[in-house]
Amino acid sequence: MFVAPIDRIRAGLSILPALLLCVGTVGSVAAADLPPLSHRLTVIEEPAPAPPLRLEDIDGVEHDLADLKGRLVLVNFWATWCPPCRREMPSMERLYRQFKERGLTVLAVDVGEDMDTVFAFTGQLDPAPTFPLLLDTNSQAAQDWGVKGLPTSFVVDPEGRVIIRAVGGTELDDAAVVEQVVPYLPKP
Amino acid sequence: MRFSHQTGPNGPQSCRLSVRHTAAAVAVATVLAGPPSSAEPVRIDPETGAATFEIQAHGVSLSLTQLLPDQVRAFYVARGFDLDDADVFAGACVYMTVLRNDTTPGTLDFRLSDWEVQHNEEVHPLPPLDDWLAQWTARGVPDSARLAFRWAQFPSEQSYAPGEWNQGMLATGLPPGSRFDLIARWMIADQTYEGRLDDVRCTD
């Protein structure tokens, strides 16, 4: 099992579930009351090889991280019911659109849900995700990557090493975050 | 409301925030709150009446917002629990919990097994995640529902670099109507820190 080297790091059935966890979608909870998204990533001082990741997306297409050597890959573990996951997803799409031509790939790994649930959720997002939404239906991948809470994101460099981590919802296209990611994009 | 800060060379760093009445809390905080920690205002959801209790101490923020039994019940029934099974958890005083490393000088580590609730002058550990999962297995809760339960909980242990945080459910195991103190503990560079939320109410 992959364990992030934290010591080396430096830097009613429709509305009631929403009330329970998805406070961001309920009008009675003001935006100011929501926990703020983070605006920084955690750089891992001594990067380790990324664990394997080979899963199907919601269209049944298999994606293998091993095939993405040479690209910078953002691996995001999330779930539709997770409020910070929902809140950071549009910023992840904006980041992807900004840098996909320069070699950024995003793999959003839904933990523990089925295709219908994830597919229905994507229609609620603006902008809607254009990156692959993978299904980790038994949460084995999340466990293999040492994920303890959702959302958790990792950045895998073109050599296949985990170089950056983010635990908790993050504004992934924030200028400070972009500044951390850009240096690792593949060289033209 | 009581707000004090204690520092010792070897003992835990402790910051205490007691909330008994919202109005009184805000008023007294104005007088007694001071650096290095300050109390966040308590929020009350206008529709549900659920209160948020918050503390910021030693570069760390912690908040609890009660999830009312109907809300908890609905969430888990929607994810495959029978009503009877969902009722068991809904009746355990569940809070949406947020812990964030705002500005500590190093990595923060915690284990929920180090946290306690003080209720009726007795101190109790929080019910462990594994105990809940074992109970759901024994009750025949479907695998997918148990998986949803596991990931919806506040992590049993975690490490946060500055800026990192989690949000999840935390059950005290106390009956609805209880009032309790939550004692949270975390480690930074081999030093134990403690944050207390006193007199938290669990509305039934």
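Hi everyone, let's start with one pair: A:R165 forms a salt bridge with B:E164, with the closest N and O atoms 2.3 Å apart. By salt bridge I mean a side-chain nitrogen of Lys or Arg within 4 Å of a carboxyl oxygen of Asp or Glu.

Some housekeeping. This is a predicted model, where local features need pLDDT of at least 70 and side-chain atom pairs count only at pLDDT 80 or more, while totals for chains, interfaces and linings use all residues. Residues are numbered from 1 along each chain as its sequence is written, chains are lettered from A and ligands numbered from 1 in the order in which they are written, and side-chain values use heavy atoms, leaving out hydrogens and water.

Back to the interface. Between chain A and chain B the count is two salt bridges. How many residues does each chain bring to the contact? Chain A gives 40 residues and chain B gives 36 residues, with contact meaning heavy atoms within 4.5 Å. Together the two chains bury about 3200 Å², 61% of it on carbon and sulfur atoms; that is the accessible area (1.4 Å probe) that two parts lose on being put together, summed over both.

Now a look at chain B by itself. Its secondary structure comes to five helices and 13 strands; these are DSSP runs, helices being H or I with at least four residues and strands E with at least two, numbered from the N terminus. Among contacts in chain B between residues at least 6 apart in sequence, 67% join residues at least 24 apart.
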